[in-house]
Amino acid sequence: MLDETSAQLSDFTQRYCNYWQEKHQSAPQNEFLLGVDSPCLIGTYDNYITWQPQPFSRPKNLDAVSNGVDLLLQPSVVAFYGTQYAAEMPAIFEELPLTLLQAWNDEDFTLLQQNLVAHLVMKRRLKHSPTLFIGTTEDDSTIISVENLSGNVVLELLGKQQHKVLAPSLSDFLQRLVPRSRLLS
């Protein structure tokens, strides 16, 4: 499952980079990461940076999260966050616009783990089954998550127990994603 998730994430990232090259004759761009160092950074311009994915250099685990909430984590999510450094990647799943989250650098990875712990603590306090977020949507009240027990990818309404299942696995979800760009101003 780990290798399959990593392979599908790498495949989507390559499709995303190819999409940018074909549509904009450029490597992927991001205006929010201007001035933030990363192994992914390939160019800095007045209002944006260009980037390319880089292999993850840390141990491929989320032990800080697992230990922080005393929970064995869904292996597909460990693979998802332990495959590469990259910027967030806008995409479409079926007709749902979303942004796939990734760690930009080591500091971002540490912050990501802290946010996952906070999310899991909130889920525990609400007595909801645990989920691990992997993306955002245009609606601030919904996120893309993986159910920790089943591995299903779901559209999660924050603070609610009910989810809409989008895909039976993270690998399947990634395989069905279509790249999109957010036009830079």
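Modeller: Like charges are joined within 9 Å, and nonpolar side chains (Val, Leu, Ile, Met, Phe, Trp, Tyr) within 5 Å. Areas come from the Shrake-Rupley method with a 1.4 Å probe, and for residues only the protein chains shown count as cover. This is a predicted model, where local features need pLDDT of at least 70 and side-chain atom pairs pLDDT 80 or more, while totals for chains, interfaces and linings use all residues. Numbering runs from 1 along each chain as its sequence is written, and side-chain values use heavy atoms, without hydrogens or water.

Biologist: Which residues form a nonpolar patch on the surface here?

Modeller: Met122, Leu126 and Leu158, with about 220 Å² of accessible area together. Leucine 126 sits in the loop between helix 4 (106-125) and strand 8 (131-137); helices (H or I, at least four residues) and strands (E, at least two) are DSSP runs, numbered from the N terminus.

Biologist: Why is leucine 126 called partly exposed?

Modeller: Because its relative accessible area is 39%, and buried means under 20%, exposed over 50%, partly exposed in between.

Biologist: And how do I read a sheet?

Modeller: Strands of a sheet pair through backbone hydrogen bonds, either parallel or antiparallel. Pairing needs at least two DSSP bridges between two strands. Here, an open sheet of three strands runs in the order 1-3-2, with antiparallel pairing. Strand 1 (29-30) and strand 2 (41-44) are the edges, each pairing on one side only.

Biologist: What is the bridge partner of asparagine 30 in strand 3?

Modeller: Isoleucine 49.

Terms used: Patch = residues over 30% accessible without salt bridge, like charges linked within 9 Å, V, L, I, M, F, W, Y side chains within 5 Å. Salt bridge = Lys/Arg side-chain N within 4 Å of Asp/Glu carboxyl O. Buried < 20%, exposed > 50% of the residue type's maximum accessible area, 1.4 Å probe, protein only.
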